[in-house]
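Please open the model in your viewer and keep the sequence panel beside it. The stops below say what to select next and what is to be found there.

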Amino acid sequence: MPHLDLAFPLAGGLHARPAAALRERALAHRAELSWTNHRTGRTASLRNVLDLLATETRLEDPCRLSATGPDAEAACRDLGAFLAGPFRATDAVEPSASACAGPGVPRLLARLGCPWWPAVPVASGLGEGPVRVLADSDESPDRGVASGDREAEVRRLRTALERLGATLEAEAARAAHPAQRAILHVHGAMLADEGWTAAMVRAIREAGLSAGAAIARATDATATALAGAGEALLRARALDLRGLGHRLRTLLDGPPEPAAGLEAPGVLVADLLTPTAFLALDPSRLRALVLGEGSATSHTAILARSFGIPCVALPPARLAAVRPGQPLLVDGHRGLVVPDPPPELSACLRVEQQGRETRAAAWAALARRPAATADGTPVKILANVAGAEEAARAFELGADGIGLFRTELRFLGREAPPTEDEQMEAYAAVLRAAGDRPVVLRLLDAGGDKPLPFLPLPPEANPFLGRRGVRWYAGHADLIRTQVRAALRAAPAGNLRLMVPLVTDPGELRWVQALIQACATGLGRSDPLPGLGMMVEIPATALCLEPFADAAFFSVGTNDLLQYLFAEDRGDPTLGGPARAWHPATLRLLGAVAHTARALGREVSLCGEAAADPRLLPLFLGLGFTAFSAAPQAIPALKAAVAGLDLASCRALAEAALRTGTSAEVSALLDHPAPRADLPLAAPDLVVLDEACATKEEAIRRLVERLACTGRAPDPDALEAAVWAREDAHPTGIGFGVAVPHGRAAGARGLALLRLQDGLDWGTGDGEAVRLVILLAGGDDEAHLRTFAALARRLMDPAFRAGLMTAPSAEALIRLLPDDLTR
Amino acid sequence: MKILAITACPTGIAHTYMAAEQLERVGQQLGHTVKVETQGAMGIENRLTEADVAGADALILAADVAIEGRDRFAGIAKVVEVPVQLAIRHPADVFARLGA
């Protein structure tokens with residue numbers, strides 16, 4: 001029987017979205033496909049999402065996919081290619097800006113002495129309002145027997161199933177959020193689950209139940225089985241099933257009753273809230289959502305995130321103690337619920353939340369713009385994709401182009417290669433998705449390590465050192481000629497470039513160039529040919545790049561380069577691992593490639609896992625790379641990271657790293673990012689004038705946020721903690737209505753100033769009201785410590801202080817400061 | 001009077017220098033010769049030398065942390081120790097404590 005063995009590749013396990021994707025792919029084949037998890041010993045048909053979930057498949061579980069029936073071989077290979085490629089994207093987590101929860105709020109809670117409850121953070125955001133509960137919609141199910149004949153009841157059931165299926169499809173089509181669409185698709189797949197629906201039909205035919213009672217019984221049985229499962233994710237699916245079952249019952253008798261909604265804005269508290277019930281609510285009235293603990297991993301939680309509704313989960317005893325109408329504050333980021341919240345606390349939490357939102361918005365805006373370093377060096381952030389759908393997602397996330405279009409996925413798992421027309425369509429689709437942005441199409445990268453049935457190569461003792469990449473092209477020219485012709489025919493659809501994989505000798509590049517020329521002539525094409533570049537994946541090529549001056553561009557594939565440089569299989573977790581990417585040997589080799597490429601006047605980009613790591617970005621920029629190609633979901637973080645770097649600091653970092661001898665030494669350099677050298681220590685956007693501020697905690701967080709939101713504090717929480725440590729030693733009020741809180745944190749530098757409407761008690765013990773708060777954030781840089789010292793001395797001048805207290809605007813105030821603070 | 005002083009605070013970013021400024025400014029107004037050594041984030045600056053100690057009448061220690069090289073001043077009879085905040089807020093009071 002054809003089969004495929006694999007270690008399960010998704011970190012999140014086989015949860016509902018990947019299972020639904022697997023089912024959809026399986027449905028395209030006539031073969032019967034089944035999934036066995038050897039760890040749990042469970043087997044499921046790929047047609048049944050619920051059964052697939054019940055295999056409780058986790059990351060690295062040994063699994064087998066088997067096929068029987070007419071196209072078993074082909075189905076098995078197709079699913080294999082799917083599992084190796086697009087399937088992995090089904091687990092993608094939406095990117096988010098860095099987390100933030102400083103020490104000020106817990107201090108304030110303790111100082112105000114108000115009760116609060118720790119909660120599981122589910123969806124970020126801050127919401128406040130009176131507690132609302134939904135009317136109990138789970139009417140006691142009709143346990144009755146069928147009134148008429150049993151087949152009529154079965155028909156009623158089938159009609160309801162069809163209507164709900166169609167409704168779900170329509171709702172998915174007009175869904176406002178991708179997550180909502182994905183979940184509605186999962187619901188569609190659950191509804192098509194044969195086990196569940198067959199149980200309903202049996203309950204009617206064999207037990208004589210009414211359709212409504214049959215739905216309730218089958219749903220109960222299946223949901224109870226799921227709820228007893230070991231995996232939290234699987235237990236959470238029981239909720240989806242109950243929601244669907246409920247909706248199905250309401251559809252049995254004509255148009256459904258309107259679902260229970262919120263009568264007025266507030267915080268909805270519900271132990272169990274099905275995704276279906278969530279979607280029936282009016283989100284504009286939903287200030288926040290408090291669920292039972294079992295719901296933290298539910299689809300309801302995912303929906304709350306995508307609708308931007310703050311959400312937490314509480315233990316049952318706590319939920320039961322909540323009174324309807326009671327004011328509740330929910331911080332979905334911290335995981336915090338405060339009953340009857342005092343206004344000072346809300347104000348402080350709002351400052352934190354607004355800071356997070358500002359930074360997240362700045363992140364999103366950065367993703368939409370071409371990337372550039374803080375000092376204006378343009379950087380290209382490109383995407384690695386396998387098809388048009390992934391390309392479209394990459395552009396949504398801000399890709400500047402496609403740096404690596406892997407074409408081999410279309411070839412894997414097939415009896416015969418895709419036709420020229422099929423390839424042409426696929427390539428044109430990606431080019432169309434890209435518009436005028438460049439698409440680098442990598443010619444077929446297969447061979448010993450990625451065998452193809454139609455590419456007969458003799459068995460090799462060591463496939464990774466054998467006929468891979470370009471090495472078999474000359475021996476099987478037809479295969480590659482078809483691909484080149486398809487690419488040339490697709491070229492008018494966009495901005496196409498071609499790339500040769502695994503080049504060792506200049507002759508290989510020239511051979512492909514000649515083939516392209518011949519194909520163009522054969523097609524009667526006279527327009528300029530797409531630029532032909534090459535992958536640099538072999539250490540020898542990297543060290544001796546000059547003979548490859550014919551290449552239009554270079555792309556360094558770090559995955560293979562590292563494997564060959566260290567003689568380590570990168571799939572073996574007991575060997576070197578990801579740290580090889582920042583080993584000084586790697587950096588020296590990469591530096592040599594960047595240097596030679598520049599001397600040859602050729603563009604050079606970096607692709608591979610290392611290129612997707614924002615932590616390594618300053619190193620690679622410092623070595624001379626200005627183009628990076630990574631998985632689509634890595635793009636926003638890379639773009640944000642680029643904007644926070646300046647080239648001079650990156651070069652200094654790279655030079656320091658090149659002088660080390662181990663990965664660990666380079667790691668230590670990376671852990672101490674240099675502060676931004678391009679920003680002045682003080683600027684008008686760091687000044688907050690004449691605002692109300694209820695507490696010292698809020699004042700400090702406001703100033704920390706000013707620094708963080710202007711790129712001067714990469715870790716605002718660390719800075720806030722350092723400032724409080726200093727306040728705890730001795731409050732920093734200096735008299736004269738002035739306080740000078742300060743602290744040091746890695747990468748933080750700057751001065752933020754808050755002038756208050758009303759005086760604030762700074763805890764100095766003399767009851768003096770502070771009206772001017774100046775927060776100094778310092779790293780380890782001597783020059784700016786000196787600047788701060790000079791400012792501190794000037795603050796002793798009454799005329800200078802009076803100027804700060806009365807300056808009419810932020811700009812006027814900044815002009816009063818010493819020059820070296822504002823340069 | 002010829003007065004020496006040392007200022008030091010926990011972080012050494014701001015208060016050390018504010019206190020130094022106040023002692024120098026107000027001391028001068030009161031007619032004293034004042035030299036202040038700062039022990040801050042940039043290390044010891046304006047270090048007090050043996051010659052300074054030899055000619056000194058009094059020493060002010062305005063510090064919230066232990067200072068370095070305390071034994072240098074064994075020969076000075078008149079010493080007052082105050083919190084940094086006092087030197088910043090009420091420098092004249094600090095000099096008053098010296099009986100100066």
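Begin by selecting chain A, which has 30 helices and 26 strands; helices (H or I, at least four residues) and strands (E, at least two) are DSSP runs, numbered from the N terminus. This is a predicted model, in which local features need pLDDT of at least 70 and side-chain atom pairs count only at pLDDT 80 or more, while totals for chains, interfaces and linings use all residues. Residues are numbered from 1 along each chain as its sequence is written, and chains are lettered from A and ligands numbered from 1 in the order in which they are written.

Of the 823 residues of chain A, 48% count as buried, a residue being buried if 20 or more other C-beta atoms, placed from the backbone, lie within 10 Å of its own. Among contacts in chain A between residues at least 6 apart in sequence, 72% join residues at least 24 apart, where a contact requires C-beta atoms, placed from the backbone, within 7 Å.

Next, select α13(A), residues 343–368, together with α22(A), residues 635–643: their axes come within 8 Å and cross at roughly 95 degrees (axes are lines fitted to C-alpha atoms, for helices over the stretch in contact, and angles run from 0 to 180 degrees between N-to-C directions). That angle makes α13(A) roughly perpendicular to α22(A), a label given to angles of 65 to 115 degrees. Show W363(A), L366(A) and A367(A) on α13(A), and I635(A), P636(A), K639(A), A640(A) and A643(A) on α22(A), which make the contact.

Now display both chains: 19 residues of chain A are in contact with 16 residues of chain B. On the chain A side, α26 (716–729), β22 (733–735), β24 (742–744), β26 (769–778) and α27 (782–794) each supply at least two residues, and α27(A) gives the most, with 7 residues.

Finally, turn to chain B and select β2(B), residues 33–40, which is mostly covered, with 6 of its 8 residues buried. On one pairing, 6 bridges join β2(B) to β1(B), residues 2–8, and the two strands run parallel, with A5(B) having V36(B) as its bridge partner; strands pair if DSSP finds at least two bridges between them. In another pairing, 3 bridges join β2(B) to β3(B), residues 43–45, in antiparallel fashion, where Q39(B) is partnered by I44(B), and β2(B) and β3(B) form a hairpin with 2 residues between them.

Methods: A residue is buried if 20 or more other C-beta atoms lie within 10 Å of its own, exposed if 12 or fewer, and partly exposed in between; C-beta atoms are placed from the backbone. Two residues are in contact if their C-beta atoms, placed from the backbone, lie within 7 Å. Angles under 35 degrees count as roughly parallel, over 145 as roughly antiparallel, 65 to 115 as roughly perpendicular and the rest as oblique.
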